[in-house]
Amino acid sequence: MSDFNLEFLIEAIRLSRENITDGLGGPFGAVIVKDGKIIGEGKNEVLESNDPTAHAEIQAIRNASKHLNNFDLQGCEIYSSCEPCPMCLAAIYWARIDIIYYANTKKDAADIGFDDDFIYKELSLPENERKIKMVRYNLEDAKKVFLDWIKLENKILY
C-alpha cells in the first residue's frame with residue numbers, strides 16, 4: 001500500500017464533475033489504485049442505467065475486479081469524491097480494499113440532497129421496527145444447501 005496521492009483524489013473529483021456535465025447520475029466519482037496505478041474508475045450511473053446500485057465506488061470496484069480478474073482487491077486503495085454510503089462501504093469491505101481516501105463528507109452529501117443517514121439508523125433498529133418489513137421462513141431445503149456448501153472441498157471463500 002502506498003501513501004496518499006493527491007492526484008488520484010483529484011481524478012475522482014474530476015470524474016464527479018464530469019458526471020454532472022454528462023447527466024449520468026449524482027456528482028460522485030471514484031478510482032481504485034494498485035501499485036501506484038489506477039486500475040478501476042467509476043462514476044455514479046444510477047440515472048443512466050436505472051440501477052440504484054450503480055454508485056461510483058461500486059462501478060470502480062466492478063471495473064477494478066474485471067481488470068484484475070479477481071474479486072479480492074487487497075493491496076488496493078480507493079479514492080472517492082465523497083465519503084461512501086453504507087452500500088458502498090459494505091462493498092469496499094467485501095472487496096477487501098485496504099484504505100479509503102475521500103473528499104466530501106456524508107454530511108456534505110446530505111446538504112445537497114443525498115442523505116443516507118436514515119439507512120445507518122435503520123440498520124441499528126430491530127428488524128420489527130424497520131421501515132422495510134423482513135419476514136423469515138425457516139425451510140429445511142434452504143438449510144440443506146448451506147450444509148452441502150460446508151461439505152464442498154473445492155469451495156472458494158470470499
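Q: Is Arg-62 buried or exposed, or in between?
A: Arg-62 is partly exposed, with a relative accessible area of 41%. Buried means under 20%, exposed over 50% and partly exposed in between, with a 1.4 Å probe and protein chains only. This is a predicted model, where local features need pLDDT of at least 70, side-chain atom pairs count only at pLDDT 80 or more, and totals for chains, interfaces and linings use all residues. Residues are numbered from 1 along each chain as its sequence is written, and side-chain values use heavy atoms, leaving out hydrogens and water.

Q: Which residue does Arg-62 form a salt bridge with?
A: Asp-51, with the closest N and O atoms 3.9 Å apart. A salt bridge here is a side-chain nitrogen of Lys or Arg within 4 Å of a carboxyl oxygen of Asp or Glu. Arg-62 sits in helix α3 (residues 56–68) and Asp-51 in the loop between α2 (46–49) and α3, eleven residues apart. Helices (H or I, at least four residues) and strands (E, at least two) are DSSP runs, numbered from the N terminus.

Q: How many salt bridges in total?
A: Nine by that rule. One of them joins Asp-22 and Lys-43 at 3.4 Å, N to O. That pair ties helix α1 (residues 6–22) to strand β2 (residues 37–43). Asp-22 counts as partly exposed because its relative accessibility is 43%, while Lys-43 at 13% counts as buried.

Q: And Asp-72, what is its partner?
A: Arg-96, with the closest N and O atoms 3.3 Å apart. Asp-72 is in the loop between α3 and β3 (76–82), and Arg-96 is in the loop between α4 (86–95) and β4 (99–104).

Q: Which residues do shared partners join into one network?
A: Glu-11, Arg-14, Glu-18, Asp-22 and Lys-43.

Q: Changing topic: how many helices and strands?
A: Seven helices and four strands, in the order α-β-β-α-α-β-α-β-α-α-α from the N terminus.

Q: What are the spans of the C-alpha trace?
A: About 50 × 40 × 30 Å along the principal axes. Of the 158 residues, 32% are buried.
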